[in-house]
Amino acid sequence: MTNDDPEKRRQEWYEKVKKEGKLNKSPIEDHNAKLKTIQNPVRRDIIKHLNERKMTFDELKAEFDLQDMPMKLHLGMLEENLYIEKEDETTYVITPRGEDYLASIEPKDDLKKRRDEWYENAKKEGKLKENPTEDHRAGLKAMQNPVRRHIVESLGEGKMTFDEVKAKFDLNDVQARLNLDMLVDTLYIEKEDDTTYVITVRGEAFLENVDHKHL
């Protein structure tokens, strides 16, 4: 997709699909559908390939060594969730949403440097799960809950104590502990001391990449 003004093209595309009723899911439904779509590495790679050039169905089949049915399933899910679209009956192209996704996984230089250092420390301390797929799934599961997403968002604005989290989100002790422990376990937040929580670089990266209207 080309245009002299990428941001104008992006806005026009989002307005068009909205008028066509393709953005009619609730924010939470849309968020969860997008997460489910990009959990699969084949679908993530299809988006990357289509960012480089448009490709036909047969070209994608050959590139990924897939039969008709699995390729149709992957492309159907990507098209339904607006990461790609058909240019004609056989040719697929990336959409602005697909481009936004790729931009979101390329961190800004300063954040990338701090993230790399943080991940290296977390790896040395044994905090990272050895299996990247398991780590990815655990992170997605943690972020599917809107309360946990909003806790991360609030900690992005400043550190908070356990009691402050409880009060802000109207949680009892058990609920607050369960949500905070899951976020600590998946490394979106960490304890500064016995009662105070702060956001981590992974949490900052999540906020940097997420569409805030879907938090």
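## Salt bridges around Lys16

The side chains of Glu20 and Lys16 come together in a salt bridge, 3.8 Å from N to O; the term stands for a side-chain nitrogen of Lys or Arg within 4 Å of a carboxyl oxygen of Asp or Glu. This is a predicted model, in which local features need pLDDT of at least 70 and side-chain atom pairs count only at pLDDT 80 or more, while totals for chains, interfaces and linings use all residues. Residues are numbered from 1 along each chain as its sequence is written, and side-chain values use heavy atoms, with hydrogens and water left out.

Back to our pair: Lys16 and Glu20 belong to a network of salt bridges that also takes in Lys22. Glu20 counts as partly exposed because its relative accessibility is 43%, and Lys16 is partly exposed too, at 36%. Here buried means under 20% relative accessible area, exposed over 50%, and partly exposed in between, using a 1.4 Å probe and protein chains only.

## Other charged pairs

By the rule above, the model holds nine salt bridges. One of them joins Glu99 to Arg9, with the closest N and O atoms 3.1 Å apart. Glu99 sits in helix α6 (residues 96–104) and Arg9 in helix α1 (residues 6–19), so this pair ties together parts that are 90 residues apart in sequence. Helices (H or I, at least four residues) and strands (E, at least two) are DSSP runs, numbered from the N terminus. Arg9 counts as buried because its relative accessibility is 12%.

Asp173 and Lys166 also meet through their side chains, in a salt bridge of 2.5 Å from N to O. Asp173 is partly exposed, with a relative accessible area of 44%, and Lys166 is partly exposed at 22%. As a general point, side chains of opposite charge can pair when their charged atoms come close.

## A three-stranded sheet

Now for the strands. Three of them form an open antiparallel sheet in the order β4-β6-β5. The edge strands are β4 (160–161) and β5 (189–191), each pairing on one side only. Two strands are taken to pair if DSSP finds at least two bridges between them. β4 and β6 run antiparallel and are joined by two bridges, with Met160 opposite Tyr197 of β6. Between β5 and β6, again antiparallel, there are three bridges, and Ile189 stands opposite Ile199 of β6. β5 and β6 also make a hairpin, with four residues between them.

In a regular strand the side chains alternate between the two faces of the sheet. You can follow this along β6: Thr196 and Val198 point one way, Tyr197 and Ile199 point the other way, and all are buried. Thr196 lies in β6, which covers residues 196–199, and counts as buried because its relative accessibility is 9%. Setting aside residues up to four places away in sequence, Thr196 touches Lys159, Met160, Thr161, Glu190 and Lys191, where contact means heavy atoms within 4.5 Å.

Helix α9 (residues 146–155) has several buried residues, including Arg148, Arg149, Ile151 and Val152. At the start of α9, a side-chain oxygen of Asn145 comes to within 2.8 Å of the backbone nitrogen of Val147.

Which residues have the most contacts inside the largest nonpolar core? They are Val152, Tyr188 and Ile189, in a core of 19 residues. α8 (132–143), α9, α10 (162–169), α11 (173–185), β6 and α12 (201–209) each supply at least two residues of this core. Another core, of 17 residues, lies apart from it and includes Leu60, Leu75, Tyr92 and Leu102. Such a core is a set of buried Ala, Val, Leu, Ile, Met, Phe, Trp, Tyr and Cys residues joined through side-chain atoms within 4.5 Å. Among the residues that Val152 touches, leaving out those up to four places away in sequence, are Met143, Leu183, Tyr188, Ile189, Ile199 and Phe206.

## Two loop residues with positive phi

Asp170 is not a glycine, yet has a positive phi of about 55 degrees. Asp170 lies in the loop between α10 and α11 and counts as exposed because its relative accessibility is 68%.

Leu187, also not a glycine, has a positive phi of about 70 degrees. Leu187 is found in the loop between α11 and β5. Is Leu187 buried or exposed? Leu187 counts as buried, since its relative accessibility is 8%.

Terms used. Polar contact = N/O pair within 3.5 Å; in protein donor to acceptor, adjacent residues only side chain to side chain.
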